[in-house]
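Thanks for making time this morning.

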Amino acid sequence: LTVPRITPPSRCRAGRAMPKKDDGTKKPASETVPDQRWKLQVFYVCFYGFMTQIRPGESFITPYLLGADKNFTQAEVTNVIMPVLTYSYMAVLVPIFLLTDYLRYKPVLVLQSLSHISIWLLLVLGTSVLAMQLMEFFYGITMAARIAYSSYIFSLVAPSRYQRMASYSRSAVLLGVFTSSVLGQLCITLGSVSFLTLNYVSLGFVSFGLILTLFLERPQRSLFFNRPEGAGDGAAPAELDKMARGDGGGGIRGWREAALCRMLQEVGALTRQPQLRLWSLWWVFNSAGYYLMLYYVHILWNEIYPAMDNRQVYNGGVDAASTLLGAGASFAAGYVKIRWTL
C-alpha cells in the first residue's frame with residue numbers, strides 16, 4: 001500500500017514540472033522585444049559617439065591660434081595656453097568619474113556637450129590669452145567626460161557582452177575622429193576654407209551633438225552608487241529592462257548627507273585593489289601624457305615647416321591616418337581572447 005501512495009506524489013511533482021518547461025520554451029520569445037530594444041540602443045549610442053566626434057576644425061586649432069586669425073605668439077601657445085588642457089584634465093578626471101556613476105551618465109554627457117559648445121564659442125569669439133586658457137579648461141572637461149560615454153554602453157548590456165560593446169563604441173568614436181579629420185583636411189587643401197570657417201562648422205556639429213545627447217535614455221542603475229539591490233560584488237544585469245519598467249534608483253536619497261562620503265569611500269576601496277589601482281594610474285598618466293604630446297607636436301610641426309599657405313597644413317591627414325589604425329585595432333580587440341589578469 002505504501003508504493004501506490006508514493007507514486008502519485010512523484011507523478012504530481014512531474015506534472016507540476018511540466019509547466020516550468022513550457023515557461024522555459026516561451027521565455028526566449030518574450031525576450032525578443034528587449035533584445036531588439038538593446039540592439040537599437042547600442043546602435044544609437046555608437047551613432048552618437050560617431051557624430052559627436054565630427055569637429056573638422058579640431059586638428060587645426062594650433063595653426064589657427066598661431067595664424068592671422070588670432071595671432072598669438074608661439075611662446076604664448078606653448079607655455080601659457082596649451083598646458084592648461086593637460087593639467088586641468090588630470091585635475092577633473094577623478095571627480096568627473098565619480099559624478100558620472102552617481103548621476104548615471106547622461107548629465108555628464110550633457111556637460112560634455114555644453115563644454116564642446118563653449119570651446120568653439122571661445123575659439124570663434126575669444127581674443128585674449130585668458131579666453132584661450134578658459135577654452136583649454138573646457139577641453140579638459142570634455143576629455144575627462146569621455147568616461148561617461150565609455151561606461152554608458154555597459155549599462156545597456158549584460159556583462160558577457162562588455163568586451164564586444166567596448167570595441168564597438170570605441171571604434172565608432174575613432175571612426176568619427178577619422179571622418180572629422182578627413183573632412184577638415186579636404187576643406188583646407190581642396191576647398192581653401194579658412195580655419196575660422198572650419199571652426200564655425202565645428203560649432204554647428206557640436207550643437208547638433210547636444211541635441212543627440214538629450215535623446216539618450218538615462219539609466220536607473222550604475223556600477224557603484226546605484227547598484228541593483230542584492231547585487232553585492234557580482235555583475236549587474238542588463239540595464240535596459242529596468243529602463244523599460246521605469247525602475248527608479250535610490251541615488252537621490254541622502255545626497256547632502258552621504259554622497260561625498262560614499263564617493264570618498266569608493267575611491268578608498270578602489271585604491272586597495274592592486275589591479276584597479278595600477279590600471280587607474282596607468283589611465284591617468286597615459287592619457288594625460290598622450291594629450292600633452294599630441295598638442296605639442298602640432299606646435300613642433302609649425303616650427304619645422306612654417307607654412308605660409310593654409311592649404312599646405314596637413315594636421316588633419318596625420319590625425320586621420322593615426323585614428324584609422326586605432327579604430328581597426330579597437331574593433332579587432334572585441335574579438336580577441338584576453339587574459340585580463342595579465
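This is a predicted model: local features need pLDDT of at least 70, side-chain atom pairs count only at pLDDT 80 or more; totals for chains, interfaces and linings use all residues.

Residues are numbered from 1 along each chain as its sequence is written, and side-chain values use heavy atoms, with hydrogens and water left out.

Helix H5, residues 106-125, packs against helix H6, residues 129-144, at an angle of about 155°, with the axes 9 Å apart; helices here are DSSP runs of H or I, at least four residues, numbered from the N terminus, and axes are lines fitted to C-alpha atoms over the stretch in contact, with angles from 0 to 180 degrees between N-to-C directions. The two are therefore roughly antiparallel, a label for angles over 145 degrees.

Contact means heavy atoms within 4.5 Å, and the residues of H5 that meet H6 include Leu111, Trp120 and Leu123. The residues of this contact divide into 12 nonpolar, five polar and no charged.

Trp120, Leu123, Met132 and Tyr139 are among the residues with the most contacts inside the largest nonpolar core, which has 62 residues. Leaving aside neighbours within four places in sequence, Leu123 is in contact with Ile61, Tyr64, Leu65, Lys70, Met132, Met135 and Asn199.

Finally, Ser330 is found in helix H13, residues 315-333, and at 17% relative accessibility Ser330 counts as buried, meaning under 20% relative accessible area with a 1.4 Å probe, protein chains only.

Terms used. Angles under 35 degrees count as roughly parallel, over 145 as roughly antiparallel, 65 to 115 as roughly perpendicular and the rest as oblique. Ala, Val, Leu, Ile, Met, Phe, Trp, Tyr, Cys and Pro count as nonpolar, Asp, Glu, Lys and Arg as charged, and the others, Gly among them, as polar. A nonpolar core is a set of buried Ala, Val, Leu, Ile, Met, Phe, Trp, Tyr and Cys residues joined through side-chain atoms within 4.5 Å. Buried means under 20% relative accessible area, exposed over 50%, partly exposed in between (1.4 Å probe, protein chains only).
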